[in-house]
Amino acid sequence: MFSSRLPSDLHPNDLTRLLAEKRARGMDIIDLTESNPTRAGFTYPAETVIRALEQEGSLVYEPHPRGLWSARHAVAGYLEGEGVRVDPDRIYLTASTSEAYAYLFKLLADPGDAVLIPRPSYPLMELLAAMEAIHAIPYDLSWTPSAGWHLRKEELEASYTERCRALLVINPNNPTGNFLRRHEWEEITRFCSTHDLAIISDEVFFPYVLPRSRIHDPPVSALALPQQTLVFALGGFSKALGLPQVKLSWIVSNGPAPALREALDRLDVIADTYLSVGTPVQQAANALIAIAGTMQGAIRTRCQTNLDFLSSVFPADGNVQLLRPPAGWYAVLRLPSHFDEGLTACCLLEEKNVLLHPGYFFDFPGGEHLVVSLLPQQDRFEEGIRRTAELLC
Ligand SMILES: Cc1ncc(COP(=O)(O)O)c(C=O)c1O
């Protein structure tokens, strides 16, 4: 009766069951998977946000497939501040980044086609692809002590099939935090031109280079690439402003002129079919963007402070090894090989009331990784990491 786009087994796993049991008993769990900034104790410029949402223009409905011009202009202004110049006419507003993926998969792929996705990475991509009846084929990222996480062109070629329609990158990646470096972009552009693939670059964490990270080159957005193939870069207020609840994201499109024109005409049809972004948030966009600097600064400082503590407990050359992220909201711990990440996460929750993500959640190979969110409030984070160390060390 039901579509095979959804997973056939919807039962919760052991960790989720244990968490639900503990919460039902009213136990205080230190949640080191927290990815919702509105629950992480940040002080938001509340007045600015509330006033921004009180616009009289919200009383009028003027639908446009790409979104209100004023809001697209505001997003273009924000991106210019990030060092990327874009024409507001190439911007599509969506309610979420997930919806942006859904539009692009509809644009580029037929049922049964495929997209290439990085592994490890953001777990929702496989489901988003399945919802459009397409396959998500992983290409592995590699880790070395000198280069950190990086992409190898051999992995792209090994994963490619005739049904591939697009290459997805996450820049910087969640949860590994690595940016694509210039030579990686060159490989990607060559690979995508050769196989006629579009590039979808998820740049929601682009503003989150950690202050003390040791990256040598400034991060490069997909929008700065030479226009050899279609490029779609994604971002949104959920991460850029720490406001996931206002529901405003965007697709910026780029590429060689004839293909781009065709893509925009088709995206207009898709977006016009849904028109899902509310007028109030579009009317508020310009005023909301005013909080970007404050919120990004506060989030970067929190993530760096928590990362510093984490690295004091788990150094890069320790038994439990910190794979230091240059950017983003997460850090990865590599366990000694005799540990099982799933069992370890369950033991931590059972014995120490600390919740961490086991690596399989992000499709890490090898079964020996834990992922820690750097967003939680400092005192809770430190207590959670101390308890984690008691169990692991
Ligand atoms: C890489 C990445 N892309 C997109 C999203 C979701 O963004 P949105 O809330 O705009 O759908 C997330 C959420 O954590 C993410 O990690």
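The model is a predicted one, in which local features need pLDDT of at least 70 and side-chain atom pairs count only at pLDDT 80 or more, while totals for chains, interfaces and linings use all residues. Residues are numbered from 1 along each chain as its sequence is written, and side-chain values use heavy atoms, with hydrogens and water left out.

Two further side chains take part in this way: a polar side-chain atom of Asn 174 lies 2.7 Å from an oxygen atom of the ligand, and for Ser 249 the corresponding distance to a ligand oxygen atom is 3.3 Å. Of the 400 Å² of accessible area that the ligand has on its own, the protein covers 89%, with areas taken from the Shrake-Rupley method with a 1.4 Å probe (for residues, only the protein chains shown count as cover).

The residues that surround the ligand include Ser 96, Thr 97, Tyr 122, Ile 170, Asp 202, Phe 205 and Lys 239, where a residue counts if one of its heavy atoms lies within 4 Å. By class, this shell has 4 nonpolar, 6 polar and 2 charged residues; Ala, Val, Leu, Ile, Met, Phe, Trp, Tyr, Cys and Pro count as nonpolar, Asp, Glu, Lys and Arg as charged, and the others, Gly among them, as polar. At least two shell residues come from each of α4 (97-108) and α8 (237-240), helices (H or I, at least four residues) and strands (E, at least two) being DSSP runs numbered from the N terminus.

The backbone around Asn 174 also deserves attention. A cis peptide bond, with omega about 10 degrees, joins Asn 174 to Pro 175, and Pro 175 lies in the loop between β6 and α7. The bond from Asn 171 to Pro 172 is cis as well, with omega near 5 degrees, and Pro 172 is placed in the loop between β6 (164-170) and α7 (182-195). In the loop between α8 and β9 (249-254) sits Lys 247, whose phi is near 60 degrees, a positive value in a residue other than glycine.

Turning to the strands, β4 (residues 135-144) and β5 (residues 148-151) run antiparallel and are joined by 4 bridges, two strands being paired if DSSP finds at least two bridges between them. They form a hairpin with 3 residues between them, and Trp 143 stands opposite Trp 149 in β5.

At the level of the whole chain, the domain assignment (bounds from an automatic or database assignment) gives domain 1 (14-43 + 293-392) and domain 2 (46-291). The contact between them (heavy atoms within 4.5 Å) takes 29 residues from domain 1 and 35 residues from domain 2, and their centres, taken over C-alpha atoms, are separated by 26 Å.

Definitions and conventions
Polar contact = N/O pair within 3.5 Å; in protein donor to acceptor, adjacent residues only side chain to side chain.
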